[in-house]
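Okay, everyone, let's get going.

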Amino acid sequence: MLNIEKIRNGIVIDHIKSGQGMRIFNWLGLGRSPYTVAFVVNASSRNMGRKDIIKVDNAITINFDILGLIDPNITVNIIADEKVKEKIKLKLPDQVENVILCKNPRCITSTEKYTPHIFHLEGVEDRTYRCDYCDDIRFAGDFD
């Protein structure tokens with residue numbers, strides 16, 4: 001049994017699809033963090049079989065829209081005084097701006113570099129987003 005200390009104040013990113021934890025860990029820049037971070041890979045889960053978990057012993061700011069694009073089934077627990085104060089269930093965001101980039105060379109975003117890349121959720125099941133300007137379709141994972 002793996003034993004990881006409780007965190008006093010911070011966050012726990014839970015229910016990460018197994019294998020996606022490293023992407024989130026890197027996106028948050030946690031490898032360079034000055035505070036304690038626990039990253040658990042392939043933890044047992046009754047509901048998921050296997051999952052990844054990230055525990056951060058510090059309050060950090062997270063863009064929940066991007067986290068929801070990576071894995072909409074994630075749960076973020078806000079910890080204060082060693083207790084869960086808030087549980088946030090993520091989902092695919094309805095709209096994202098300057099996260100997914102349009103790759104259509106005829107889109108206005110290709111020629112007007114200050115035009116924001118705005119995408120709206122097109123399909124929940126297949127996790128697709130449609131460009132507001134040219135109707136180009138991208139998948140939720142088409143960003144970095």
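Predicted model: local features only at pLDDT ≥ 70, side-chain atom pairs only at ≥ 80, totals over all residues.

**Strands and partners**

Numbering runs from 1 along each chain as its sequence is written, and side-chain values use heavy atoms, with hydrogens and water left out.

Back to that pair. Strand E1 (residues 10-17) and strand E3 (residues 49-56) run antiparallel, joined by five bridges. Pairing here takes at least two DSSP bridges between two strands, and a strand is a DSSP run of E, at least two residues, numbered from the N terminus.

Now zoom out. What is the strand order in the open sheet? E2-E3-E1-E4-E5, five strands with antiparallel pairing. E2 (37-45) and E5 (83-89) are the edges; each has a single partner strand, so one side of each has no neighbour in the sheet. On average, neighbouring strands of this sheet are turned by 20° against each other, direction ignored, using axes fitted as lines to C-alpha atoms.

Next, E7. Strand E6 (residues 95-97) pairs antiparallel with E7 (residues 118-123) over three bridges, and Gln95 stands opposite His120 in E7. E7 also pairs with E8 (residues 128-131), again antiparallel, over four bridges. There, His120 has Arg130 in E8 as its bridge partner. E7 and E8 make a hairpin with four residues between them, and Arg127 in the turn has a positive phi of about 55°.

Key
Axes fitted to C-alpha atoms, helices over the stretch in contact; angles between N-to-C directions.
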